[in-house]
Amino acid sequence: MNMRLKSILDSPCGFRYIFEKLQLQSSLSRHLLMDTPMPHKPSDIACIYEELREFKILFAQDGGLRNILTSLQITLSHLRDIRNTVTRLSAAATLDDIELFEIKNLAIINEDIRKHLKGKILSIDFDSMEDILNLLDPEGLRISSFYIYDSYDSELAVLRKKMKSGSKYQDELYYEASIIEDRVRGLLSRKLEKVVHLISSSLEKLAKTDILLSKVLLLEELDLSIPVVSTGANRYTGMFNPYIKEMVEKEKKEFQKVSVEFETNSPLLITGANMGGKTVVLKSLALCQYLFQFGFGVPAECAEISPVEEVHFCIGDQQNIESGLSSFAAEITRIDAVLKSVYAGKKILALIDEPARTTNPLEGTALVTALIRILLDKKLLMVVTTHYNIEDVECRRIRVKGLENGKMNYSLIEETGTKPPREALRIAASLGVDNRWLQEAENLLKEKTE
Amino acid sequence: MPFVRELLKYDSISIVGLEKNTGKTECLNYLIKRLPLDIMTVAVSSIGVDGERRDQVTRSSKPEILLRDGMLFGTSEQHYRSRRVTSELLDIGDERTSLGRVITARALCGGKVLLSGPSSTASLRRWMDSAIKNHNANLCIIDGALSRMSLASPVVSKSMILATGAALSANIKTLVNKTAFVVGLVNIPVTKNAAGKILETKDDGVWRVGEDGEITPLGISSALSYDKLDSSTISGTKAIFISGALTDRFLNTISRESGDKKIELIVRDFTKIFVTPLNYNTFLKRGGKVSVLKKSKLLAVCVNPTAPDGTHLDSDKLCRELEKEIGLPVYDIIKNEYEA
């Protein structure tokens, strides 16, 4: 599974919301970022954060280069995706004026950014494109326009003079000149072909600059933090979900941040009342993991995150149901994929929301208990939420604190017992549903316990 | 040839053909040939490729534009590659058309190019603004594609030239009538109602202007769809402003319901009028009045007496008859080499 960023954009964890907030200046940066395969080596991810940290120090609100941020962004907004031209150049094609114009523009952008960042940014080493610029700007005007200049060929200059002096347009002269122009384009293309690596690496480095600048701005906009790369454990303090936070704050309410931690070889079971935010916790965990793997800031006050090769986010969303599977079949198939990856020895994070909830409680409980049992000693990071009473397995349990004086307390606390809290009736009552129904349920419960 | 000198008063002009092969491009070339380029920078472009495609269908060749030294032009990547002019590439636009992005370039000596510019009036307006602001153009000339009257809107260009000819009708009488109707629309006067300034800010809806100048909604969402509109709705109304399109149905309703009362219909500009000559003239004859908020200056009408099907009309007679009908000078620029 070679995951690219674009394949997780529409994950139910809400990655797209964050992605669309990035102020990328060039569509090239957007394309390159979307095509990035998900890094999973700790050293690779640490390296991306090293660069982000360097950019943050320089470009944050009190950073030394903050004053030139806007002008850098304007320059980067002129960056075009000319990878196609690079391919053609490598294949020994002769470029036309439009392509030469675009290479010249790239060189101008490269020199402008290099001038500003040289010696200040260590993580990106901009190559000089001065030679390319001289080649495409033989008259040294340093403006972005381009044509086959007279100075490229003495014969051309003579012909052009002749064309200018004539009062009428002469097809013959234009034809003659165009042959020379084509020859010049051929020569220019061959010279550029020799430095094509400079052109393609400049595209990458400028796009990388654009991406890092927009990641720095995102840190500020969404109040994200740079996490620590850990091994074998995920620890979040004050984790939140930016999208849900925004929704909650729109209704003039306060979003309650939560803290949670879990380790490999130790599945974490989250129980708790309905509407207690268990699914939000899972969504936030998935979101944080993805953001981490791609080197973004994460929505938490502080975080330690362990890189994984795969993220399995099993939540009851509509996708599989639409493709014809029943909700049960869709869910079971997804969890089976978790097991397959675990047995294949992959490092994974599995986040499973209320497994087997659509079947009868007896079998459901058995399925969940069995799932946790067989994965107890496996090297995976796993969080499972459930309403079932999972008794016959030793694992770490936490629960949502629940209703306190009619108000939901979303914080997660250690759970010692195995019984899930009985709050469903109280919460249903707080929603104002028909009392006769709830009273009848209350009676039934009493009969059972008596 | 007076209209070239007249043209220097404006920063933009569009050339609109009432039918293909009415000599639009000849008209453009005629202008380019006579403009004093030594004292001004001229930019040319066209709207989209609409007309070009149609010409390929009818297999009549699309004439190239003759560029002069120093002129700016805007055309698609595809047509830039096939240009026959030495030119300096200045800028590449972000928007994509079916023939690629729009290139802005400067001709470095005389030459020829096919024009295919931005594909919408809004992006055309942006191109013109950029030519004026970034490349110091004093005048933008827009070669109008067929049936895109909207680009003659004063929002896009401040002045216009109308090209008509035998391709529109082989009968001089019909040709004159059809042309005169469009000329009549272009020349609809700007409203004298003092409310005009405020109406310019109304982006949608239909508005009533009362006897004392107060502006209130007429109570219908648009002139395209309404259930009930009778004499009681429009009683005490001096003028009605239609922000969108004026249609036959709306015109007839007003004509019927206003009775003896003379109501002024105000539209944004003449390109918003979509009514048949018959209904329009009936409305005017009954004492109705139509006016606009913004008007573009019609500089000249040019005729091409020859149609691709071989029809050839008497040029002098055509010019004479049309002049008599519209009260404006009419030129056959292909036949007559007028002095600048």
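**Helix 8 of chain B and helix 9 of chain B are roughly parallel to each other (an angle under 35 degrees).** In this predicted model, local features need pLDDT of at least 70 and side-chain atom pairs count only at pLDDT 80 or more, whereas totals for chains, interfaces and linings use all residues. Residues are numbered from 1 along each chain as its sequence is written, chains are lettered from A in the order in which they are written, and side-chain values use heavy atoms, with hydrogens and water left out. The axes of helix 8 (residues 248-257) of chain B and helix 9 (residues 277-285) of chain B, which are lines fitted to C-alpha atoms over the stretch in contact, come within 10 Å and cross at roughly 25°. The contact (heavy atoms within 4.5 Å) is made by B:D248, B:L251, B:N252, B:I254 and B:S255 of helix 8 of chain B and by B:N279, B:Y280 and B:F283 of helix 9 of chain B.

**Domain 1 and domain 2 of chain B.** The domain assignment of chain B gives domain 1 (2-187 + 296-331) and domain 2 (196-292), and their C-alpha centres lie 32 Å apart. The area buried between domain 1 of chain B and domain 2 of chain B (accessible area, 1.4 Å probe, lost on being put together and summed over both) is about 740 Å², of which carbon and sulfur atoms give 83%.

**Helix 7 and helix 11 of chain A.** Helix 7 (residues 97-117) of chain A packs against helix 11 (residues 196-222) of chain A at an angle of about 55°, with their axes 10 Å apart. Residues of this contact include A:I103 and A:L106 of helix 7 of chain A and A:I199 and A:L203 of helix 11 of chain A.

Terms used
Axes are lines fitted to C-alpha atoms, for helices over the stretch in contact, and angles run from 0 to 180 degrees between N-to-C directions. Helices (H or I, at least four residues) and strands (E, at least two) are DSSP runs, numbered from the N terminus. Angles under 35 degrees count as roughly parallel, over 145 as roughly antiparallel, 65 to 115 as roughly perpendicular and the rest as oblique. Domain bounds come from an automatic or database domain assignment. Buried area is the accessible area (1.4 Å probe) that two parts lose on being put together, summed over both.
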